[in-house]
Amino acid sequence: MFEPAPVIVDEVLEEFADPRAADAALSTYDNMTRNCNRTRQKLRPGDPTDMNFELNTEYLDSIIKEPFFRQDVWVKDNRHLVFTTDRQLEILRKAKTWYIDDTFKVVKDPFYQLLSIHAFVRAGDEMKQLPLVFIIMSGKTKKDYKKVKYSYDYNFDYEFVQCNI
């Protein structure tokens with residue numbers, strides 16, 4: 001269920017398609033992929049409508065081969081989900097300055113914002129700012145931010161700089 005649709009279509013064609021059949025006997029590749037996606041959409045759980053949902057990390061675990069979901073933080077009725085990998089935390093641990101970005105248009109109700117923590121990363125002669133921690137938040141009070149900040153033992157020396165990227 002978590003494989004990309006083109007991979008599923010390729011596997012099915014390889015296993016079941018008759019190589020002697022005329023091309024006209026098959027749907028187009030795009031139609032098969034679209035049908036696969038429609039079928040999988042029906043199998044997926046719906047988007048949450050309130051904060052009382054069970055987070056299923058099976059998909060993340062199948063794509064990212066290390067823990068990505070880190071923390072489920074509650075502040076009264078507000079819920080905040082923290083995502084990052086060990087490698088991303090290690091990069092963040094080495095960074096002297098963290099950049100915070102809050103984005104509001106990419107999340108759906110009942111959540112309010114996607115807060116991300118970025119740092120500059122050097123690879124050879126190139127230096128880029130990368131998002132390293134992702135926090136989906138349903139509230140924006142000072143208590144929400146403090147609880148998220150102290151919910152995970154980052155154990156770092158850092159300076160926060162808020163910016164809009």
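Buried here means under 20% relative accessible area, and exposed means over 50%. Keep in mind that you're working with a predicted model.

**Exercise 1.** Work out which residues of helix α4 are buried, and where they sit around the helix.

*Solution.* Start with the stretch itself: α4 covers residues 86-94. Using the under 20% cut-off, you'll find Q88, L89, I91 and L92 buried. Now look down the axis of α4: the buried residues fall within an arc of 160°, so they line one face of the helix. Finally, ask what lies over the buried residues: the cover includes β1 (69-75), β3 (97-103), β4 (113-123) and β5 (126-137).

**Exercise 2.** Find out which elements build the largest nonpolar core.

*Solution.* The core has 16 residues, and V82, L92, I117, V133, I135 and V148 touch the most other members. Going element by element, α4, β3, β4 and β5 each give two or more residues to this core. The largest share, four residues, belongs to β5. Apart from this core there's another one, with six residues, including M51, F68, F83 and F111.

**Exercise 3.** Describe the largest pocket: its volume, and what lines it.

*Solution.* First, the volume comes to about 1100 Å³. Then turn to the 27 lining residues: P45, D47, P48, L55 and N56 are the closest to the pocket's centre. Elements supplying at least two lining residues each include α2 (29-43), α3 (58-63), β2 (78-83) and β5. Last, sort the lining by class, and you get 17 nonpolar, four polar and six charged residues.

Technical notes:
Residues are numbered from 1 along each chain as its sequence is written. This is a predicted model: local features need pLDDT of at least 70, side-chain atom pairs count only at pLDDT 80 or more; totals for chains, interfaces and linings use all residues. Side-chain values use heavy atoms; hydrogens and water are left out. Buried means under 20% relative accessible area, exposed over 50%, partly exposed in between (1.4 Å probe, protein chains only). The arc is that of the directions from the helix axis to the C-beta atoms. Contact means heavy atoms within 4.5 Å. A nonpolar core is a set of buried Ala, Val, Leu, Ile, Met, Phe, Trp, Tyr and Cys residues joined through side-chain atoms within 4.5 Å. On a 1 Å grid over the protein atoms alone, a cavity is a set of points where a 1.4 Å probe fits but cannot get out, and a pocket is an open set with protein on both sides within 12 Å along at least five of seven lines; lining residues have an atom within 4 Å of a point. Grid points are joined across faces, edges and corners, and a volume is the space filled by probe spheres set on the points. Ala, Val, Leu, Ile, Met, Phe, Trp, Tyr, Cys and Pro count as nonpolar, Asp, Glu, Lys and Arg as charged, and the others, Gly among them, as polar.
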